[in-house]
Amino acid sequence: MIVMTTLAGTSADAFWAASLRRWNAVCWVLFAAMAAGIVLMGRPGGATYAALAFLASVALGFAVLVRFPDNPVVRPHGYLTVLVLGLGGLAFLRTSYAALFMVTLPHYWMFGRTPRASMTFLGLATGATLAGGWVRQGPSAEFFGETAVSTLIVVAVGVLIGLWAHAVVAQSAERARLIGELERTQVQLSEAHQRQGAADERERMARDIHDTLAQGFASIVVLAEAARAGLATDPARSAQQLRSIESTARENLAEARELVGSAQRRGGAVAGPVALTLRRVLDRFAEDTGLTVDAELTELDCDQQTRIALLRCTQESLANVRKHARASTVGVVLARRPYGVELEITDDGIGFAAEDSAGFGLDGMRKRLAELGGRLTVTSSVGDGTRVLATIPVAGRADGEGTR
């Protein structure tokens, strides 16, 4: 208990607290034994009563400080002062001073609070003991041979034990501090991982929404404008466009449901062979835009995330062709290469300055491919069309033939 509050604070080991509780119990037994020895071995009179008074003062101060460590009357240094005076008095009376000195040696380190204060009070106790013996015995052989030597030996042992205890507890306190810092660092790291995970998830959702719902809504807007413009002149074409709007809306609804459940089933929307999935996307694009689509699609054996990446890259590239390219022909090639899967989408549109492009769609494609170890290469110049090349390193084999 005292070690916990005085020697090493709250960081002291449980070992020291348990050891101190046992030592406190021993102290009370020894205090009682010393009192019994003074009564039984001493002669009734003033010396015996004085010795009992000194011992009682020390025991009372110790009891108050142990039982009420925060009391405003008996403070640790005050108790040590009483102990110093008690040792000097008992040494003068030549009554149990050596036993009291040995019993109370740990108290200097327990209540001194710092090594310097502990050494100071231990030095004062040594001086008081020697002074009491000197006054009683004088510069005799008995004083130098018994009192001085025995006192200095006890003090030397107490100093060594106290310094060792302080070093051990200091290491314990440092270890506790390091453990506390490690726990705080782990908490901070966990919070940082959670924040990063949330940011990554928001970015993924934004990318999926852009590649699916946003593109679908853009297609619906374009088709609706075209259908409205052709209602009077080409009702059959407008009817076809209305059917495309309905189909696109249904697909967007399915995509929205998939995004809502993506925490449990990421990417489940891309089922079946990848070539067949891309063929449906290209057929819808050709039907909606009237552009010529030249596709060479090799069926590939690849994982679901690769399928999703190929589909999203195709959707984003076709959306850019629809919105910006003013092209008449689009070429799509999906093939197995020695280094992985390669998806190439080209158009004969007006092109753009590729080095200046910083759109969300292209950046999203780059990040999506980078998550799979792939990369995106965009080649274009004004007036020369555009070539988008997506490569993904995958293990597997081509298990189908190219289709036209």
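Modeller: The account below begins with the conventions, turns to the salt bridges, and then places them in the wider chain.

The model is predicted, so local features are reported only at pLDDT of at least 70 and side-chain atom pairs only at pLDDT 80 or more, whereas totals for chains, interfaces and linings use all residues. Numbering runs from 1 along each chain as its sequence is written, and side-chain values use heavy atoms, with hydrogens and water left out.

The structure holds 7 salt bridges, a salt bridge being a side-chain nitrogen of Lys or Arg within 4 Å of a carboxyl oxygen of Asp or Glu. In general, side chains of opposite charge can pair when their charged atoms come close.

One of these bridges joins R177 to E174, with the closest N and O atoms 2.3 Å apart. Both residues belong to helix 8 (residues 141-229), where a spacing of 3 residues amounts to about one turn. Helices (H or I, at least four residues) and strands (E, at least two) are DSSP runs, numbered from the N terminus. An α-helix has 3.6 residues a turn, so residues three or four places apart point the same way. R177 is partly exposed at 39% relative accessibility, and E174 is likewise partly exposed at 35%; here buried means under 20% relative accessible area, exposed over 50%, and partly exposed in between, with a 1.4 Å probe and protein chains only.

Another bridge links R250 with E246, the closest N and O atoms lying 3.0 Å apart. These two residues are 4 residues apart in helix 9 (residues 235-260), again about one helical turn. R250 is exposed, with a relative accessible area of 57%, while E246 is partly exposed at 41%.

A further bridge brings together the side chains of E342 and R337, at 3.3 Å from N to O. Here E342 is buried, with 11% relative accessibility, and R337 is partly exposed at 33%. Shared partners also join E174, R177 and E181 into one network of salt bridges.

R337 is the end residue of strand 2 (329-337), and the loop between helix 11 (304-325) and that strand contains R326. The phi of R326 is near 55°, a positive value in a residue other than glycine. Most residues other than glycine have a negative phi. R326 is exposed, with 72% relative accessible area.

Helix 11 itself also contains T306, which is buried at 1% relative accessibility. Neighbours within four places in sequence aside, T306 is in contact with L372, I392 and V394, contact meaning heavy atoms within 4.5 Å.

Helix 10 (residues 274-289) has 16 residues and reaches 22 Å from its first C-alpha to its last, close to the 22 Å expected; the expected span is 1.5 Å times one less than the number of residues. Its buried residues are V274, A275, T277, L278, L282, F285 and D288. They cover an arc of only 160° around the axis, and so lie on the same side of helix 10; the arc is that of the directions from the helix axis to the C-beta atoms. Just after this helix, G290 takes a positive phi of about 80°.

For "transmembrane region", the unreviewed UniProt entry lists residues 23-42, 49-68, 80-105, 117-135 and 147-169; the positions follow the numbering used here, feature names are shortened, and annotations may be inferred rather than shown by experiment. Residues 117-135 are 100% helix and 0% strand in the model, with end C-alpha atoms 27 Å apart. Residues 147-169 are also 100% helix and 0% strand, with their end C-alpha atoms 32 Å apart. L124 lies in helix 7 (residues 115-137) and is partly exposed at 44% relative accessibility.

Of its 404 residues, 41% count as buried. Residues 24 or more positions apart account for 70% of the contacts with a separation of 6 or more. The accessible surface comes to about 21,300 Å², of which 62% belongs to carbon and sulfur atoms; the areas come from the Shrake-Rupley method with a 1.4 Å probe, and for residues only the protein chains shown count as cover.
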